[in-house]
Amino acid sequence: ILEETEEQKEETFVKNSSQINLLDKTEYSIVNGVSETALIMRNQNNESIMGSMLTVSPSSNATFKASYGNYYTEGSTVESRKEKAESWSDSDWIMISVMNQAAAYEAATGGKVLAAINADYFNMSTGMPLGSAIMEGNRDLHADNSEPYFAVLKDGTYAIRDGSVPKDDVEEAISGPFLLLDPDQG
């Protein structure tokens with residue numbers, strides 16, 4: 001039995017996604033200005049695809065926060081997290097579910113998490129993400145990468161950037177191995 005390489009799988013996905021038909025789309029309001037859309041699609045091979053999309057209106061009061069296991073901890077403060085980020089080492093990466101990261105954020109900040117999304121790939125042995133992790137404007141906890149990233153900038157705007165774009169104006173950032181949408185192509 002031959003196994004497909006990751007490159008072949010990605011090529012197959014791209015080829016199949018050019019012929020995707022939307023079968024059903026249901027939108028659910030979470031709070032004012034934030035909604036989730038459930039999508040059911042079918043590709044040219046008649047295979048079903050299900051997806052979920054979060055839409056956040058610029059006029060909503062929602063904010064985007066990056067998180068990683070072991071960063072937000074109960075009783076931590078902005079100052080203690082900054083100190084932790086400055087001395088972050090490979091042993092600080094841990095394996096933790098998205099749901100537990102959301103709970104840790106709420107316990108540490110008193111904030112309310114409306115939605116949590118697993119972003120980047122990570123090392124299954126160490127928990128280290130393959131790309132950037134910037135939280136609360138603290139240094140990039142894994143800066144030695146070239147992955148594209150989604151950022152909340154220090155001026156409050158958002159950007160999807162190529163990995164080569166400097167991150168000195170970034171407040172929050174998460175990466176992924178490739179772009180689903182090229183911001184320069186509209």
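The model discussed here is a predicted one. In it, K65 forms a salt bridge with E172, and the closest N and O atoms of the pair are 3.0 Å apart. The two residues belong to distant parts of the chain, 107 residues apart: K65 is in the loop between β3 (48–56) and α2, whereas E172 is in strand β7 (residues 170–175).

## Other salt bridges

The count of salt bridges comes to 4. One of them joins the side chains of R81 and E136, with an N to O distance of 2.8 Å. R81 lies in helix α2 and E136 in the loop between β4 and β5 (149–153), so this pair ties together parts that are 55 residues apart in sequence. Both partners are buried: R81 has a relative accessibility of 3%, and E136 has a relative accessible area of 17%.

A further salt bridge is formed by R161 and D169, whose closest N and O atoms are 2.8 Å apart. R161 counts as buried at 13% relative accessibility, while D169, with a relative accessible area of 28%, is partly exposed.

## Nonpolar cores

The largest nonpolar core comprises 13 residues. Those with the most contacts inside this core are Y71, Y72, W88, W93, A133, M135 and L141. Leaving aside residues up to four places away in sequence, Y71 touches S76, R81, K84, A85, W88, M135, E136 and N138. This list includes both R81 and E136, the two partners of a salt bridge described above.

Another core, of 7 residues, lies apart from the largest one. Among the members of this other core are Y149, A151, L153 and A159.

## Nonpolar surface patch

I30, V31, L54, L114 and I117 make a nonpolar surface patch of about 390 Å². L114 is located in the loop between α3 (98–109) and β4 (133–134). At 38% relative accessibility, L114 counts as partly exposed.

## Confidence of the prediction

The mean pLDDT of the chain is 85, and 87% of the residues score at least 70.

Terms used
Residues are numbered from 1 along each chain as its sequence is written. This is a predicted model: local features need pLDDT of at least 70, side-chain atom pairs count only at pLDDT 80 or more; totals for chains, interfaces and linings use all residues. Side-chain values use heavy atoms; hydrogens and water are left out. A nonpolar core is a set of buried Ala, Val, Leu, Ile, Met, Phe, Trp, Tyr and Cys residues joined through side-chain atoms within 4.5 Å. Buried means under 20% relative accessible area, exposed over 50%, partly exposed in between (1.4 Å probe, protein chains only). Contact means heavy atoms within 4.5 Å. Patches are made of residues with over 30% relative accessible area and no salt bridge: like charges are joined within 9 Å, nonpolar side chains (Val, Leu, Ile, Met, Phe, Trp, Tyr) within 5 Å. Accessible areas come from the Shrake-Rupley method with a 1.4 Å probe; for residues, only the protein chains shown count as cover. Helices (H or I, at least four residues) and strands (E, at least two) are DSSP runs, numbered from the N terminus. pLDDT is the predictor's confidence in each residue, from 0 to 100.
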